Amino acid sequence: MKLATLKSGTRDGKLVVVSRDLTKAVSVEDISKTLQQALDNWEEISPRLAQVYDDLNAGKCDDTISFSESDAESPLPRAYQWADGSAYVNHVELVRKARGAEIPDSFWTDPLMYQGGSDSFIGPHDDIPLASEEWGIDFEAEIAVITDDVPMGVSAQQAAQHIKLLMLVNDVSLRGLIPGELAKGFGFFQSKPSSAFSPVAVTPDELGNAWDGEKLSLPLLSTLNNEAFGKPDAGTDMTFSFPELVSHAAKTRPLGAGAIVGSGTISNKQNTEHGSAIKDGGVGYSCIAEIRMIETINNGKPSTPFMKFGDQIRIEMKDSDGQSVFGAIDQTVVKYDSLSD
């Protein structure tokens, strides 16, 4: 089942069921007005939404509309919880090297996780407004899961059954602000502005054999200014599974229905020390910081700039038939004019 939230002039948008080929949608206001409402009552509502999905794909719905990804909000325009892990340790190792730091051994057994801002997600085709290019604007291509209510202290095995939906993420990062924030010893805040999620969220059964209950094994495609930048497989080199990340997030507190838990930046080693760029025959990277670190290792300094105003990033995942699974995150960085006094 594929679900989207259309822009409606309200804070939480309007829930629609989207056809498997992402061309049509149907309103389900009589079942649930918003995705959060559906997640709050998932056991009761999801079978009714699934029936609509089956009817839509079978051509049995009369009141369909054309689905345009640019009309979509992030599936949850705002959420009670957005916790992003760092399950691909190769990424962690590279970005820490860029800051002159090594990773502790515990990073291989205990996931990193930060709590992001969840009150102002950006739509998947909306601009990324930022005030300064000097902040080191970077994208991070990731996958995230949405849960129902998760009890505190849940095991990884138990956590698997609480994963109800999956989607893609652009976890926008401001590399130039991170060292100063982390030096304070209190974590990310200004260096992690609003994130964006894919046009649709999908149920695990929609992913077929690519989803094994723990990992999603498909390439995540990142295109920067119309040039292929990364295509790492999300099921490769993932040190911590999604159930393990959910269990980690719920260790000391329950997670409310609609909690979003991210994978962290997808990153493959490719049988090398840290992977290689597409132009060098590799699968590339899911953020600019990684390729800058490789350039530093190889050439003594980075040559790929961070994003400037007008730069475009597209993030998408296709199934084995070449069909887009989640629709595409397709965004442009623009100058944000600060509010006048």
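# Cores, rings and contacts

Visitor: What does Ile-143 touch?

Guide: Leaving out residues up to four places away in sequence, Ile-143 touches Leu-166, Met-167, Leu-168, Val-169, Leu-216, Ala-234, Phe-242, Val-261, Gly-262, Ser-263, Ile-266 and Met-317. Keep in mind that this is a predicted model.

Visitor: How many residues are in the largest nonpolar core, and which have the most contacts inside it?

Guide: The largest nonpolar core has 67 residues. Ile-143, Leu-216, Met-317 and Phe-326 have the most contacts inside that core.

Visitor: And the second core, how many residues is that?

Guide: It has 31 residues and is separate; Val-28, Leu-39, Ile-45 and Ala-79 are among them.

Visitor: Where do nonpolar side chains tend to be in soluble globular proteins?

Guide: In such proteins they tend to be buried together.

Visitor: Rings next. How many aromatic pairs are there?

Guide: The count comes to 5 aromatic pairs. In one of them, Phe-139 and Phe-229, the ring centres are 5.5 Å apart and the planes are at 75°, so the pair is edge-to-face.

Visitor: Where do Phe-139 and Phe-229 lie?

Guide: Phe-139 is in the loop between strand E8 (137–138) and strand E9 (141–147), while Phe-229 is in strand E15 (residues 227–230), so the pair ties together parts that are 90 residues apart in sequence.

Visitor: Are those two buried or exposed?

Guide: Both Phe-139 and Phe-229 are buried.

Visitor: What about Trp-211 and Phe-242, why is that pair called what it is?

Guide: Their ring centres are 6.1 Å apart and their planes are at 45°, so the pair counts as tilted. Trp-211 sits in the loop between strand E13 (200–202) and strand E14 (220–224) and Phe-242 in helix H6 (residues 242–249), so this pair links parts that are 31 residues apart in sequence. Both Trp-211 and Phe-242 are buried.

Visitor: How many residues of H6 are buried?

Guide: 6 of its 8 residues are, so to speak, under cover: H6 is mostly covered. The buried residues are Phe-242, Pro-243, Leu-245, Val-246, Ser-247 and Ala-249.

Visitor: What do the buried residues of H6 pack against?

Guide: They pack against strand E5 (82–85), strand E6 (113–115), E9, helix H4 (156–159), E10 and strand E16 (260–262).

Visitor: Which residues form an aromatic cluster?

Guide: Trp-82, Phe-121 and Phe-197 form one. There is also a charge over a ring: the charged end of Lys-192 sits over the ring of Phe-188, 5.1 Å from its centre.

Visitor: New topic. Where is Asn-170, and is it buried or exposed?

Guide: Asn-170 is in strand E10 (residues 163–170). With a relative accessible area of 0%, Asn-170 is buried.

Visitor: What does the side chain of Asn-170 reach?

Guide: It reaches the backbone nitrogen of Glu-140 at 3.2 Å. The side chains of Asn-170 and Gln-331 are also joined by a polar contact of 3.0 Å. Neighbours within four places aside, the contacts of Asn-170 include Ile-128, Phe-139, Ser-195 and Ile-313.

Visitor: And Thr-5, buried or exposed?

Guide: Buried, with a relative accessible area of 0%. Thr-5 lies in strand E1 (residues 2–6), and a polar atom of its side chain is 2.6 Å from the backbone oxygen of Pro-75.

Visitor: Is Tyr-80 buried or exposed?

Guide: Tyr-80 has 65% relative accessibility and therefore counts as exposed. Tyr-80 lies in the loop between strand E4 (65–66) and E5. Not counting residues up to four places away in sequence, Tyr-80 touches Gln-36, Ser-118 and Ala-257.

Visitor: What about Val-334, where is that found?

Guide: Val-334 is in strand E18 (residues 329–335). At 23% relative accessibility, Val-334 counts as partly exposed. Leaving aside neighbours within four places in sequence, Val-334 is in contact with Asp-127, Ile-128, Pro-129, Leu-130 and Phe-309.

Visitor: Last one, helix H7. What should its residues span?

Guide: At 1.5 Å a residue, the 12 residues of H7 (residues 288–299) should span 16 Å, and the end C-alpha atoms are 16 Å apart, which agrees. Buried residues of H7 include Ile-288, Ile-291 and Glu-295.

Visitor: What comes just after H7?

Guide: Gly-300, which takes a positive phi of about 90°.

Definitions and conventions: Residues are numbered from 1 along each chain as its sequence is written. This is a predicted model: local features need pLDDT of at least 70, side-chain atom pairs count only at pLDDT 80 or more; totals for chains, interfaces and linings use all residues. Side-chain values use heavy atoms; hydrogens and water are left out. Helices (H or I, at least four residues) and strands (E, at least two) are DSSP runs, numbered from the N terminus. The expected span of a helix is 1.5 Å times one less than its number of residues. Buried means under 20% relative accessible area, exposed over 50%, partly exposed in between (1.4 Å probe, protein chains only). A nonpolar core is a set of buried Ala, Val, Leu, Ile, Met, Phe, Trp, Tyr and Cys residues joined through side-chain atoms within 4.5 Å. Contact means heavy atoms within 4.5 Å. Rings of Phe, Tyr and Trp (its six-membered ring) pair if their centres lie within 6.5 Å; planes under 30 degrees apart count as stacked, over 60 as edge-to-face and the rest as tilted. A charge sits over a ring if NZ of Lys or CZ of Arg is within 6 Å of the ring centre and within 35 degrees of the ring normal. A polar contact is a pair of N or O atoms within 3.5 Å; within protein, one must be able to donate a hydrogen and the other to accept it, and residues adjacent in sequence count only if both atoms are side-chain atoms.
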